[in-house]
Amino acid sequence: MQRVEKFLPEINKVYFIKSHTLIHILSGKGSIQVDFKNYFDWQEKAIFLEKGQYIKFLSDNFIVRRIEFSNEDKFYDNNVRVLFKHLISLGYINLLECEECNTFLSETTLTNNSADIIDISSKQWFWQNPFKANKEEYQVIFDTKEIIDKEYSNNLTSDDLVNLINDRGYNAQALIKDKIGLSVKNLMTSKKLQESQKQIAFTDKSIQEIAYDLGYKDDAYFNRVFKNTNGQTPKQFRNNFDYKNRDLFSQDILNLLQKHHTQERSLDFYANKMNLSIKALSNKVRAKMNTSIGQLIRLELINSAKLMILEGQSIVSISRQLGFEEPNHFSRFFKHYSKLTPTEFKQKKYNS
């Protein structure tokens, strides 16, 4: 059984994931945040989240379908966990490449008996093959992730971890480094950092208590490690995340970008509008949104370009409206950040 809900999420509200969940963003513009990482390329994707994660919507115009699955036994299946056990990014299905997924997620056919979307999606995930591995290699990788998720606070070494893994005849450390680009130690560090961020942002525990919970014997050392990784002390991170007060800075800067991005690209313009210096604006965007002002501007340009392409406007017209000197400059920009030419994007959209 499952719970299907269509809703309009509140801006900057933290939505905690209490059961395995599929998020399908039906419409909207802007970025989303999952576990302190911002994502700008959520369009045309079904996103899978597991218990303990959270999602935040950094704009006020999203319409979202949320499907919560109650059959917990299903998610212990080794071929299903690939959707929910995130390694370095979100678990997702590219809906432009999965006609069967689109059929299940359509308004007319989605019912409370359509849990088959999980089976279809897991098959699609393996077909997408994001890390260019075979199924056996993926089981080694995700076995490792399972152990890290359980043992991250126990100060295990990389060798300790590998000894706990059923490596199925593979060298687990070499395999993970080759396929994911991170070492086992990196994965462990990343998990530990994420859990420290959650405790700092969402609890009233003292920093010392959090440090001890995570296996650090010295809270001063924990403070140094956290600042070196985040660029902020734990206290600064707690204040900037602003879980309870929900500062509207993010929405204010996004509103400015949506209004002016076709004419204005300079940081000075946006800094003046926000009554900040360029450095202060850049630092605040980084602290609050975990990205750069330049990346936000590029995101707005790409989103506007996609809408214009789908409306059938010419490349010449789009490049002029978005402030590019030449149409070929726009085409190169679009392909660099979208991984598709404007023509390829249009064909893929209409063939889906």
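Searching the whole structure turns up one disulfide, the term standing for a pair of cysteine sulfur atoms within 2.5 Å. This is a predicted model, in which local features need pLDDT of at least 70 and side-chain atom pairs count only at pLDDT 80 or more, while totals for chains, interfaces and linings use all residues. Residues are numbered from 1 along each chain as its sequence is written, and side-chain values use heavy atoms, with hydrogens and water left out.

The disulfide joins Cys98 to Cys101, with an S to S distance of 2.1 Å, and the link of Cys98 and Cys101 is right-handed, with 65° about the S-S bond. Both Cys98 and Cys101 are buried, where buried means under 20% relative accessible area, exposed over 50% and partly exposed in between, with a 1.4 Å probe and protein chains only.

Let me turn to the rings. Rings of Phe, Tyr and Trp (its six-membered ring) pair if their centres lie within 6.5 Å, and planes under 30 degrees apart count as stacked, over 60 as edge-to-face and the rest as tilted. By this rule the count comes to 29 aromatic pairs. In one of them, the rings of Trp125 and Phe142 have centres 5.9 Å apart and planes at 75°, so the pair is edge-to-face. Because Trp125 lies in helix H3 (residues 116–128) and Phe142 in helix H4 (residues 135–151), this pair ties together parts that are 17 residues apart in sequence; helices here are DSSP runs (H or I, at least four residues), numbered from the N terminus. Trp125 and Phe142 are both buried.

The rings of Phe222 and Phe226 also have their centres 5.9 Å apart, but with planes at 50°, so that pair is tilted. Phe222 and Phe226 lie four residues apart in helix H9 (residues 219–230), about one turn of the helix, and both are buried.

How values were computed
Helices (H or I, at least four residues) and strands (E, at least two) are DSSP runs, numbered from the N terminus.
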